[in-house]
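Subject: Structure handover

Hi,

My notes on it follow below.

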Amino acid sequence: MSETLANLSSESRQFPPPEELAAAANVKAGAYEEAAADRLAFWATQADRLTWAKKWDQVLDWSNPPFAKWFVGGELNIAYNCVDRHVEAGRGDKVAIHWEGEPGDTRTITYAELLKLVSQAANTLTELGIAAGDRVAIYMPMIPEAAVAMLACARIGATHSVVFGGFSVDALSTRIKDADAKLVITADGGYRRGKPSALKPTVDEAVAKSPSIENVLVVRRTGQDVEWTDKDKWWHETVEQASPEHQAQPFDAEHPLFILYTSGTTGKPKGILHTTGGYLTQVSYTHNAVFDLKPETDVYWCTADIGWVTGHSYIVYGPLSNGATQVMYEGTPDTPGRDRFWQIVDKYKVSILYTAPTLIRTMMKWGDDIPAGYDLSSLRVLGSVGEPINPEAWMWYRENIGRNRTPIVDTWWQTETGGVMISPLPGVTATKPGSAMTPLPGITADVVDDQAESVPNGGGGFLVLRDPWPSMLRTIWGDDKRFLDTYWSRFGAGAGSGDEWIYFAGDGAKKDEDGALWLLGRVDDVMLVSGHNISTTEVESALVSHPSVAEAAVVGATDPTTGQAIVAFVIPRGSVDTEGDAGDQLNVELRNHVSKTLGPIAKPRQIMLVPELPKTRSGKIMRRLLKDVAENRSLGDVTTLQDSAVMELISKGMQTGK
Ligand code: WT7
């Protein structure tokens with residue numbers, strides 16, 4: 001990795017925080033020193049943000065690494081922290097959720113109403129025989145009941161496993177089986193792209209294969225016809241009839257809160273286990289710090305789905321523990337029109353927006369004039385998460401959405417880390433477009449070589465985390481060995497200095513001359529071209545910096561002379577002519593552009609102009625499929641692909657050389 005090309009770190013643009021925001025920021029520069037002086041004391045201070053039924057005896061027990069215990073002996077109830085305490089403090093009338101259905105129907109839910117719903121759902125779960133420690137699968141559209149279901153589980157100590165509503169019967173049933181879930185909470189369907197999309201038939205098939213499931217709780221959202229079995233109960237006939245009185249019991253700080261499956265590159269999905277006290281401490285702190293949340297005045301909107309960790313940590317647990325007012329949106333960004341997001345920002349006066357690079361690039365492709373038609377002056381902090389954000393996409397976000405006023409926080413983290421780990425602080429950090437900048441206070445991230453030695457500024461290697469953090473995964477559900485193998489064995493136990501345990505994140509990264517961190521994508525996404533390591537992210541960013549390019553995906557394809565050769569798939573911007581000669585010319589121009597930006601070694605062997613790119617439902621480009629196309633293999637498994645027709649278009653184009 002040390003040979004990686006130096007283009008990203010030569011980024012010279014830098015944006016200091018707006019003065020006014022900096023002056024009133026929740027977190028100031030001093031937090032870094034405070035945390036560095038005594039990391040555990042720092043996290044203990046953050047844990048004091050929460051209401052504990054019993055105070056902890058010890059901040060961290062790391063006597064059996066890498067199995068961490070945080071806030072040992074402490075007890076708390078997560079739902080109490082996210083709901084009841086705001087009501088008890090007289091903020092019951094404050095809006096918790098402005099919900100916007102895709103067809104345009106809306107619901108406004110205050111903290112007092114949320115308390116009623118969560119209490120009723122908790123009572124119903126108990127009546128259905130769910131007790132602390134049981135697992136509950138949640139397979140829902142983006143409706144308020146999804147958050148209510150999660151909080152109701154947390155309230156009674158049941159461990160939830162949310163399965164993204166776009167997943168198949170197989171994905172759902174293997175997750176039910178792996179966690180041995182007793183109950184599924186679902187809905188008849190939800191609205192997507194202007195029509196009701198069914199969920200219940202998938203659940204019916206999955207439940208038929210899952211003997212552990214005793215009951216299925218069904219929210220009526222669309223009113224579409226559903227098959228009914230004797231395990232099924234309507235939400236409106238149970239939860240909505242249940243008593244709104246429910247006393248939350250405290251649970252141990254290490255009580256299992258949720259399992260969330262993340263697909264590895266190989267093998268079956270990993271059930272990432274998160275627990276109670278440390279998790280809530282870090283998501284609550286980071287939500288307050290990274291977004292500079294002012295709960296009295298901000299309107300926060302995270303566009304993720306509840307089925308991803310971003311939805312868990314930054315729609316449900318972080319914002320609600322902080323008493324935030326947030327927007328929750330059910331549908332897609334282009335229904336009924338491509339202006340839906342900006343219409344929502346304008347309507348609710350959203351002040352903090354948290355979204356993903358894939359969406360930002362899509363908006364870029366749709367054209368600047370769409371956001372330009374809206375009043376976005378309420379926005380004051382913009383966030384990005386999910387993959388490296390190309391400098392040009394970052395600049396587009398800043399100029400067209402932030403109108404050159406608002407800081408951008410590019411937040412690096414993973415399902416496994418539970419909460420944000422590397423990010424600017426909006427009132428402190430002078431940001432560079434495309435860099436996640438520095439680890440947050442209390443977090444020790446580093447870039448190391450393959451001997452686990454820290455690389456100097458200017459160097460590249462593997463991103464690692466050196467010290468345990470409160471919201472870290474505790475294990476892979478039912479598979480401690482895989483937990484050790486996947487994250488802790490890369491550098492060996494006791495690698496580095498002393499007997500350090502080093503967490504291997506699986507991402508490539510480099511430090512620029514100032515020590516700022518640049519994420520380079522998964523280490524599997526590094527290409528070896530004539531003996532040079534080149535990251536797919538770097539070539540993609542070079543392509544996206546060309547004015548004709550909206551989006552790019554790069555793969556390394558086997559090549560008889562260079563080992564691997566760079567093949568790029570490029571989506572041109574809407575207005576660009578790609579017919580006939582114009583397309584050929586653009587192709588040559590783009591190859592030369594990369595060569596000029598990164599050096600001749602990074603010049604793609606081949607560029608394909610394509611209308612779309614294959615993405616997973618969480619928005620990550622499926623480079624594996626593109627590699628199949630680039631190497632002329634028949635297409636592998638496309639079941640987690642957002643839109644499988646895309647692949648047909650792309651491979652057809654490859655055959656004709658276009
Ligand atoms: C992987 C984790 C974090 C919640 C959503 C994804 C990539 C995530 C960034 C970022 C560069 C990023 C990494 C990471 N990633 N955020 N800001 N810059 N890369 O969670 O599905 O567990 O994926 O997403 O490769 O390892 P996830």
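**Annotated binding site**

The UniProt annotation "binding site", from an unreviewed entry, covers G386, E387, P388, D410, T411, W412, W413, Q414, T415, D507 and R522. UniProt positions here follow the numbering used in this email, feature names are shortened, and annotations may be inferred rather than shown by experiment. Residues are numbered from 1 along each chain as its sequence is written. Note that this is a predicted model: local features need pLDDT of at least 70, side-chain atom pairs count only at pLDDT 80 or more, and totals for chains, interfaces and linings use all residues.

**Around the ligand**

The ligand is surrounded by 21 residues, the closest being P388, W412, Q414, T415 and L519. A residue counts as near if its C-beta atom, placed from the backbone, lies within 6 Å of the molecule. Elements giving two or more residues to this shell are α11 (309-321), β24 (503-511) and β25 (517-522). Helices (H or I, at least four residues) and strands (E, at least two) are DSSP runs, numbered from the N terminus. β24 gives the largest share, three residues. By type, the shell has nine nonpolar, eight polar and four charged residues. Here Ala, Val, Leu, Ile, Met, Phe, Trp, Tyr, Cys and Pro are nonpolar, Asp, Glu, Lys and Arg are charged, and the others, Gly among them, are polar.

G386 sits in the loop between β19 (381-384) and α15 (391-401). G386 is partly exposed because it has 19 C-beta neighbours inside 10 Å. The cut-offs: buried means 20 or more other C-beta atoms within 10 Å of the residue's own, exposed means 12 or fewer, and partly exposed is in between, with C-beta atoms placed from the backbone. Not counting residues up to four places away in sequence, G386 touches A356, P357, T358, S618, G619 and K620. Contact means C-beta atoms, placed from the backbone, within 7 Å.

W412 is in the loop between β20 (408-410) and β21 (445-448). Its 26 C-beta neighbours inside 10 Å make W412 buried. Again leaving out residues up to four places away in sequence, W412 touches M421, I422, S423, A436 and L519.

S435 is also in the loop between β20 and β21. S435 has 28 C-beta neighbours inside 10 Å, so it counts as buried. Beyond its neighbours within four places in sequence, S435 contacts D410, A516, L517 and W518. D375 is 60 residues from S435 along the chain, and their C-alpha atoms are separated by 28 Å.

**C-terminal part**

UniProt (unreviewed entry) places "domain: AMP-binding enzyme C-terminal" at residues 538-620. Over residues 538-620 the chain is 31% helix and 30% strand. The end C-alpha atoms of that stretch are 16 Å apart.

Helix α18 (residues 580-598) has 19 residues. It reaches 28 Å from first C-alpha to last, close to the 27 Å expected at 1.5 Å a residue. The expected span is 1.5 Å times one less than the number of residues. Which residues of α18 are buried? They are L586, L590, V594 and L598. Seen down the axis, the buried residues of α18 fall within an arc of 70 degrees, so they line one face of the helix. The arc is that of the directions from the helix axis to the C-beta atoms. An α-helix has 3.6 residues a turn, so residues three or four places apart point the same way. The face turned away from the buried side of α18 carries the exposed residues D581, Q585, V588, E589 and K596. Cover for the buried residues of α18 includes α17 (536-544), β29 (563-572) and β30 (606-609). G599 follows α18, with a positive phi near 110 degrees.

**Backbone points to check**

- The P65 to P66 peptide bond is cis, with omega about 0 degrees. P66 is in the loop between β1 (58-61) and β2 (69-72).
- T335 to P336 is also a cis peptide bond, with omega near -5 degrees. P336 is in the loop between β17 (325-329) and α12 (340-348).
- N404 is not a glycine, yet has a positive phi of about 60 degrees. N404 is exposed, with 9 other C-beta atoms within 10 Å.
- A452 has a positive phi near 65 degrees. A452 is buried, with 20 other C-beta atoms within 10 Å.

For context, most residues other than glycine have a negative phi, and most peptide bonds are trans.

Best wishes

How values were computed
Contact = placed C-beta atoms within 7 Å.
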